[in-house]
Amino acid sequence: MTTRSSFPGGVHPAAHKALAAEAATEVLPTPDEIHVPLVQHLGAPCKPGVEPRAEVALGDELGNSDAFVSAPIHASISGTVGKLTAVTLPNGCRVRAIPVKASDEQPLSGQDLFDDIFGGPWPTGRFEQYEPKQIVDACRAGGLVGLGGAAFPTHVKLVRNEKRPIDTLLINGCECEPYLTADDRLMVEAPAPVVTGALLAQRATGAESVKICIEDNKPKALESLRRVAGAAGVEVLAVKTKYPQGGERQLVAAVLKREVPIGGLPLDVGAVVVNVGTAAALARAVLRGKPLTHRIVTVTGAGIRRPRNLLVPIGAAYRLLIDYCGGVTEDAARIVSGGPMMGFTLGNLDTPVTKGTSGVTVLTHDEVRKAKETACVRCGRCVDVCPVHLVPTKIALASKAGDLDLAQRYCIAGCIECGCCAYVCPASVPLVQLIRLGKVLLQKAASAKKN
Ligand code: SF4
Ligand code: SF4
């Protein structure tokens, strides 16, 4: 089934998916060392749960938190724990991290590791043998977060709330960000755990229906999922290719014709959205008791020598991914964590991959050559494309002036940082950067108030 309906606003940037879409997932060789950040999710940071010099095995818990909105972290290799250190995340935040030096013997690597994570059998059914709470608890113990990039702890979404029942579960396979193909490869190569995870999430939330939503520019993923999902009674829906179709609000609007209130969540309108990678990780956490230790990352862009999709241990340095893919080309100009629309320019290649890392895009000088910023011509294009119905230029101006009250009145918190406004601006106003700046200033003001 196909839906041609869509959400308001949005843009159609060049996809550039062909660079890596046909590259079957390869397993990154075990790094000599990883750095596992204590913050990889929205919510409370983890506290370290291991001492320096402790020996840990693949999958052992490294840190956790008592807070409900948080997610534990686990060792993605076997080895020896080092002294707590600090790392810089792609968004520039400095956070504490637990180093682990690899031991000579690793229990799993290469194809064996891939098969252990994604290989079958993956049962289907209504999973009535599991109480919803069991699924939620396994999800939390496994450290699952939204792998689409938002990194919101998944168990929080799956908890049933009698006051706000869920009728529809949307499994998000849109991957609308240009260049990235990690979810596409997962759906092509390992559709079965995605379907099993979808059914487990349905059991946890009590949703009446579940739909796997895939943009119609991914025919192989659609075919692969339909083959497996059809037999399990799960609907697979082709949705229109438009950026940011993979945003939760936008997907709910396109498929269910419901508007998630600004600052609200899909569950406010009876829906839950779970990324396809998260669904696969849920199947593994519940049925095999295995935590989230690895994820698929796309390494792509005209500035990388051999674009690839890699299965990567959480905590591996970006540098290793780039080296594995042959390094950057001579005209490489910028390395972005994620895609060009929502990603962050990487200042340091020792930055570790986190649960929310979906890709690395290396752009060339031609691609990043910046048009000079000029004065806003009040054309209104940024307003037309904003999928959240904001007035980006007003928020950006308020942020630039440091007028945080005004920025809040224009609903800065509702901005999903999709970049559509900056993409269409003929004056090259750095709208998203200014909005992000406003958000940082607001955070600082809030913590100063607390202290
Ligand atoms: S204001 Fe925010 S949500 Fe709206 S288009 Fe710009 S980045 Fe996207
Ligand atoms: S798109 Fe750019 S030039 Fe047009 S109104 Fe928005 S900020 Fe101004």
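This is a predicted model: local features need pLDDT of at least 70, side-chain atom pairs count only at pLDDT 80 or more; totals for chains, interfaces and linings use all residues.

Me: What kind of peptide bond joins Tyr-243 and Pro-244?

Reply: The bond joining Tyr-243 and Pro-244 is cis, with omega about 0°. Another cis peptide bond runs from Gly-120 to Pro-121, where omega is near 5°.

Me: And where is Pro-121 found?

Reply: Pro-121 belongs to the loop between α2 (110–118) and α3 (132–141).

Me: Is Tyr-179 buried or exposed?

Reply: Tyr-179 has 32 other C-beta atoms within 10 Å, so it counts as buried. Arg-378 also has a positive phi without being a glycine, with a value near 55°. Arg-378 is exposed, however, because it has 9 other C-beta atoms within 10 Å. Its place is the loop between α11 (365–368) and α12 (381–385).

Me: Turning to the ligands, how many residues surround ligand 2?

Reply: Ligand 2 is surrounded by 13 residues, and the closest are Cys-376, Cys-379, Cys-382, Thr-393 and Cys-425. By class, this shell has nine nonpolar, two polar and two charged residues.

Me: Which residues are closest to ligand 1?

Reply: Cys-386, Pro-392, Cys-415, Cys-418 and Cys-421 are the closest of the 14 residues around ligand 1. The shell comprises 12 nonpolar residues, one polar and one charged.

Me: Which helix supplies the largest share of that shell around ligand 1?

Reply: Helix α16 does, with three residues. Both α15 (420–424) and α16 (431–450) supply at least two residues each.

Me: A change of topic: at roughly what angle do the axes of α5 and α7 cross?

Reply: The axes of α5 (residues 182–189) and α7 (residues 219–232) cross at roughly 35° and come within 8 Å. The crossing is left-handed. Asp-184, Met-187 and Val-188 of α5 meet Lys-220, Ala-221, Ser-224 and Leu-225 of α7. That contact has four nonpolar, one polar and two charged residues.

Me: Finally, how many helices and strands does the protein chain have?

Reply: The chain has 16 helices and 19 strands. Its radius of gyration is 21 Å, close to the 22 Å that the globule rule gives for 451 residues, so the chain is as compact as a globular protein of that length. Buried residues account for 53% of the 451 residues.

Technical notes: Residues are numbered from 1 along each chain as its sequence is written. Chains are lettered from A and ligands numbered from 1 in the order in which they are written. Axes are lines fitted to C-alpha atoms, for helices over the stretch in contact, and angles run from 0 to 180 degrees between N-to-C directions. Helices (H or I, at least four residues) and strands (E, at least two) are DSSP runs, numbered from the N terminus. A crossing is left-handed if the near helix is turned anticlockwise from the far one by less than a right angle, and right-handed if clockwise. Two residues are in contact if their C-beta atoms, placed from the backbone, lie within 7 Å. Ala, Val, Leu, Ile, Met, Phe, Trp, Tyr, Cys and Pro count as nonpolar, Asp, Glu, Lys and Arg as charged, and the others, Gly among them, as polar. A residue is near a molecule or strand if its C-beta atom, placed from the backbone, lies within 6 Å of it. The radius of gyration is taken over C-alpha atoms; the globule rule is 2.2 Å times the number of residues to the power 0.38. A residue is buried if 20 or more other C-beta atoms lie within 10 Å of its own, exposed if 12 or fewer, and partly exposed in between; C-beta atoms are placed from the backbone.
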